[in-house]
Amino acid sequence: MSNTTVSKLATALKISSEKLISQLNEAGVNVDKEVDEITNDQKMALLNHLRGSHGTKKEIKSPSKLTVNRRSQSELKLAGGFGTSRTVNVEIRKKKTYLSKESLIEEAKLDDLKQQKEEEQLKEKIAKESQDKISNETVETTQEKVETKKDPIIDHSIHDQPTKTSKKKRKKSRPTIKDDPFKMEELHVKGNFKRKKKRQIRRSVNPASLDQSHSFEKPTAPVVKDVMVPSSISAQEIAQSLAIKVNEVLSVLIKQGIMVTGNDHIDQDTAILIIEELGHKASPMDERSVEDSIFNEQINENEAFTRPPVVTIMGHVDHGKTSLLDYIRKSKVTDNEAGGITQHIGAYTTDSDGKKITFLDTPGHAAFSQMRSRGARITDIVVLVVAADDGVKPQTKEAIDHAKMANVPIIVAINKIDKPEADIEKVRNELMIEEILPEELGGEYLFVNLSAQTGEGISELLETILLQAEVLDLKAPNEGRPIGSVIESGIESGKGAVATVLIKEGKLNKGDLVLVGEEFGRARLLLNETGEQLSAATPSMPVRLYGLSSAPNTGEEMRVVESERQAKEIIEIRKENRKQNVLNDKQALKMKTFMENNGSNDKKTISLMIKADVQGSSEAIKDSLMKLATDEVEIDIVSNSVGGITESDINLAEASNAFIIGFNVRADNTARKIIKETSVDIKYYSVIYETIEDITNMISGMASPIIKEEICGLAEVKDVFDSPSLGKIAGCLVIEGTVIRSNLIRVLRDNTVIYEGELESLRRFKDDVKEVKSGTECGIGIKNYNDVKVSDQIECYRIVESK
């Protein structure tokens, strides 16, 4: 039995320790300190005392018997007629009874007492029979003595003789039962001892005396069930919970205009509507998972301090975002990026007047829309960079939308003012069209003119950022469990998975057990943007985290958990949810595709695998390629991961009939050898828009050609002649275009097509010609058609194919 202390029990009962000690003393349990231990028997004594004090005298006892009912459901497929099959739902019910140890001992004691009572009754019976025999023998002996008193000698002889005889008879007739002092009594436990079979006595049972309390009765009113509905449920599960056939549920769904099968999942609101339509009650299920129960309790109650602002630099491609950050950091980052454009989110911390500012540099290319959106969600201030010589562009508008959706203040930085073709007023007017009004015109947005090349206006920009941060009053606790967001992830050779994490609150220490998405591990190494090792990371600090099991998805939340068991439990739930969501999306897409194609499946598919150096780039490539799909050609992305191309990637590509896109990664030695033996094609890229351009050209080549009809000429029938060799000949006047003998024709009557075919002959006077131009008369013979009449029109056309 498990024991507990007074203080722990008081905490569980939500009362003070002093009150609990006084109640225990009243119940006869002697305790006087909070650290004293309490057994389960003492707890039961306390509970019985409390019940007695509240008027309930019934003593609580543990149940002597526990019955467990278990149900399992399965499906059995049976063969039907004409090659069909039907599915039968089978429910197996099992019942198991467990007896407590105390009840077994009590039962054994009762059996012992019963057996002892029977033995005592048997002894009394035997003793009574022996006493009767002894009394009879005594009467006979007395009579013999009276008869032998006359002769004393004979009397003695006769007296001694029958006495010996009676003694012998007494020994034989009187059974003696002696207890063996060395005999061990057997403890009778149910199932472990042999019990004497008792003679069963049949008794007539009066049916009226039987207890009818547990008999089944037909319900007089409809049974209304209360069903708890999860976020996603299938029609089969609804039918099982209501104990009805699935066809009844499907018929109600069809009436509501929802076409699903029994195994298809529907959303919670629809399920509640269907259950109520069937006459039952439904309520949404509280699906608080282990993850919610753990993380909801992790409230950081430490004191909040002022933290550095997180500033995201956004704007159109090649407007000078990274160059601006280079000047602030006094580094050269753009030279290291392929094509001179930013393809990752860079996170850096700088000092300005003794105050720290964290900068995030997002890509400006169209393919990196998701990365810009993620940058806007985790930031405090957005610096919108617009080139003075280029103005507002598509990615500028997109950046404005992301910032507004995230409800983040915007500081407009008009860059490249040192160029001769710079037009600041034009840029301001274009921004005002996008509802970005400067403060001097009554708006709420701050404008700064600067040059990332000369450094003009940079200090003013930093002062504006710090001013905006003071207005926002950014605070977060520096201690306690940390919460962060992954802004970039990848795999480094020799170090494994790495994730760039921006800490939101709390303190991340080296060695903490970290959970990110579906990955977990110990934080064995923490590095800042310059490569220096850190022992801990505080709010608004970007840090490179090493030690995860694999590269997590960007945008995932980072948490610290207590144990590996807890982390694995959360990961299992997340994987199940992800698989269910993917399955639901595939079913919906399959149904949508079927409805759009009307049952036909003429689409061509491009199967490919994406391998990139970092997670952000692989996401950007995937999103861009999925947008390239057309009505005739669809994109099937078999795999999307980070790291070098391995042997397993080649095998998967060969099995899926796909080619591999390697973005800033290469195949290892083993993979190169296998590539020579297989037909797998690998395309290497370092700039994302080259990848998109190549796949676009591939889709254009696979698309079916566009077939168009081009009308060449139109002739009107003026007269009809008979020809012995050609049949009816139409004397026509070409009124439009040119009639060409090799082209197809249509015969129109009252602007209605009555025949389609070919020309058999085309003559100008008596000469065969290849074509007749507008304004010229000709004779036309139509192949296999003689029903030509005056005023009919003969339309000449040709088929033109174009991609």
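Trainee: In which strand is the place of Thr 5?

Mentor: This is a predicted model, in which local features need pLDDT of at least 70, side-chain atom pairs count only at pLDDT 80 or more, and totals for chains, interfaces and linings use all residues. Residues are numbered from 1 along each chain as its sequence is written, and side-chain values use heavy atoms, with hydrogens and water left out. Helices (H or I, at least four residues) and strands (E, at least two) are DSSP runs numbered from the N terminus. By that numbering, Thr 5 belongs to residues 4-5, strand β1.

Trainee: Is Thr 5 buried or exposed?

Mentor: A residue is buried under 20% relative accessible area, exposed over 50% and partly exposed in between, with a 1.4 Å probe and protein chains only. The relative accessibility of Thr 5 is 18%, so Thr 5 counts as buried.

Trainee: Which residues does Thr 5 touch, not counting residues up to four places away in sequence?

Mentor: Val 35 is 30 residues from Thr 5 in sequence, yet the two lie 5.5 Å apart in space, C-alpha to C-alpha. Contact means heavy atoms within 4.5 Å. With residues up to four places away in sequence not counted, Thr 5 touches Glu 34, Val 35, Asp 36 and Glu 37.

Trainee: What separates the C-alpha atoms of Leu 526 and Val 543?

Mentor: Leu 526 is found in strand β22, residues 525-527, and is buried, with a relative accessible area of 0%. Its contacts, not counting residues up to four places away in sequence, include Leu 508, Leu 534, Val 543 and Leu 545. Leu 526 and Val 543 are 17 residues apart along the chain, and their C-alpha atoms are separated by 6.3 Å.

Trainee: Which residues does Leu 744 touch, not counting residues up to four places away in sequence?

Mentor: Leu 744 lies in strand β32, residues 744-749, and at 31% relative accessibility counts as partly exposed. Cys 796 is 52 residues away along the chain, with 5.9 Å between the two C-alpha atoms. Not counting residues up to four places away in sequence, Leu 744 touches Gly 757, Glu 758, Glu 795, Cys 796 and Tyr 797.

Trainee: How are α17 and α18 oriented to each other?

Mentor: Two packed helices are described by the angle between their axes and the distance between the axes. Helix α17 (residues 647-656) and helix α18 (residues 669-677) pack at about 30°, with axes 8 Å apart; such axes are lines fitted to C-alpha atoms over the stretch in contact, and angles run from 0 to 180 degrees between N-to-C directions. Angles under 35 degrees count as roughly parallel, over 145 as roughly antiparallel, 65 to 115 as roughly perpendicular and the rest as oblique. Therefore, α17 and α18 are roughly parallel.

Trainee: Which residues of α17 and α18 make the contact?

Mentor: The residues of this contact divide into four nonpolar, two polar and one charged; here Ala, Val, Leu, Ile, Met, Phe, Trp, Tyr, Cys and Pro count as nonpolar, Asp, Glu, Lys and Arg as charged, and the others, Gly among them, as polar. Helix α17 contributes Glu 647, Ile 650 and Asn 651, and α18 contributes Thr 670, Ala 671, Ile 674 and Ile 675.

Trainee: How many aromatic pairs does the structure hold, and why is the pair of Tyr 755 and Tyr 785 stacked?

Mentor: The structure holds one aromatic pair. Rings of Phe, Tyr and Trp (its six-membered ring) pair if their centres lie within 6.5 Å, and planes under 30 degrees apart count as stacked, over 60 as edge-to-face and the rest as tilted. The pair is stacked because the rings of Tyr 755 and Tyr 785 have their centres 4.5 Å apart and their planes at 15°.

Trainee: Which parts does this pair tie together?

Mentor: Tyr 785 is buried, at 13% relative accessible area. The pair ties together parts 30 residues apart in sequence, because Tyr 755 lies in strand β33 (residues 752-764) and Tyr 785 in the loop between β36 (777-782) and β37 (793-802).

Trainee: What is the phi of Lys 416?

Mentor: The place of Lys 416 is in the loop between β14 (410-415) and α13 (424-433), and at 18% relative accessibility the residue counts as buried. Although Lys 416 is not a glycine, its phi is positive, at about 65°.
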